[in-house]
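Biologist: I would like to go through this fold with you. Could you take my questions one at a time?

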Amino acid sequence: MSGSVSEDESKSVDVEREYFDFGHIKMDKSQVFATTKVCYASVNIKPVVPGHLMVTTRRKVARVCDLTPEELTDMWALAKEIFKSCRDKIQG
């Protein structure tokens, strides 16, 4: 992976999946709005501030230091793309 998320990757949701694993929680696919091969982004059920979203890796790890360089790069690239596309709505 080059570290950047293609437009197709960042906007597609895995249609064959019924849910995504988030720790011990099975998150319905309707809560996920963007995916890559390594990560996904979802709405937050209890947002702290307007625009509070979650970007996480598909692979479960105990701590962020357990992520691979590819996972870290992909996660932050997806977060950046989402922020750029939502920036005006979030900031008003």
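Biologist: How many bridges join strand 4 to strand 5, and in which sense do they run?

Modeller: Please keep in mind that this is a predicted model. In it, 5 bridges join strand 4, residues 39–43, to strand 5, and the two run antiparallel.

Biologist: Which residues in strand 5 are the bridge partners of Ala-41 and Val-43?

Modeller: Ala-41 has Val-55 as its bridge partner. For Val-43, the partner in strand 5 is Leu-53.

Biologist: And what about strand 3 and strand 4, how many bridges do they pair over?

Modeller: Strand 3 and strand 4 pair over 3 bridges, in the antiparallel sense. A hairpin of 3 residues connects them. Within this pair, Thr-35 stands opposite Tyr-40 of strand 4.

Biologist: What sheet do these strands make, and in what order?

Modeller: They make an open sheet of 3 strands, with the order 3-4-5 and antiparallel pairing. Its edge strands are strand 3 (32–35) and strand 5 (53–57), each of which pairs on one side only. From one strand to the next, the twist averages 20°.

Biologist: What holds strands of a sheet together in general?

Modeller: Strands of a sheet pair through backbone hydrogen bonds, in either a parallel or an antiparallel arrangement.

Biologist: Back to strand 4: is it mostly covered or open, and how many of its residues are buried?

Modeller: Strand 4 is mostly covered, with 4 of its 5 residues buried.

Biologist: Take Ser-42, which is found in that strand. Why does Ser-42 count as buried?

Modeller: Ser-42 counts as buried because its relative accessibility is 1%, and the cut-off for buried is under 20%.

Biologist: Which residues does Ser-42 touch, leaving aside those up to four places away in sequence?

Modeller: Ser-42 touches Met-27, Gln-31, Val-32, Phe-33, Leu-53 and Met-54. As for Phe-20, which is 22 residues from Ser-42 along the chain, the C-alpha atoms of these two are separated by 9.8 Å.

Biologist: Phe-33 is in that list. Where does Phe-33 lie, and is Phe-33 buried or partly exposed?

Modeller: Phe-33 lies in strand 3. Its relative accessible area is 31%, so Phe-33 is classed as partly exposed. The class in question covers values between 20% and 50%.

Biologist: What does Phe-33 form on the surface with Val-43 and Leu-53?

Modeller: Those three residues form a nonpolar patch, with about 200 Å² of accessible area together. Val-43 and Leu-53 are also bridge partners, as noted above.

Biologist: Changing topic: how many bridges join strand 1 to strand 2?

Modeller: There are 4 bridges between strand 1 (residues 19–22) and strand 2 (residues 25–28), and these strands run antiparallel. Asp-21 stands opposite Lys-26, which belongs to strand 2. The hairpin they form has 2 residues between the strands, and in this hairpin Gly-23 takes a positive phi near 65°.

Definitions and conventions. Residues numbered from 1 in each chain as written. Predicted model: local features only at pLDDT ≥ 70, side-chain atom pairs only at ≥ 80, totals over all residues. Heavy atoms only, no water. Pairing = 2+ DSSP bridges. Axes fitted to C-alpha atoms, helices over the stretch in contact; angles between N-to-C directions. Patch = residues over 30% accessible without salt bridge, like charges linked within 9 Å, V, L, I, M, F, W, Y side chains within 5 Å. Areas by Shrake-Rupley, 256 points an atom, 1.4 Å probe, with all protein chains shown as cover. Salt bridge = Lys/Arg side-chain N within 4 Å of Asp/Glu carboxyl O. Buried < 20%, exposed > 50% of the residue type's maximum accessible area, 1.4 Å probe, protein only. Contact = heavy atoms within 4.5 Å.
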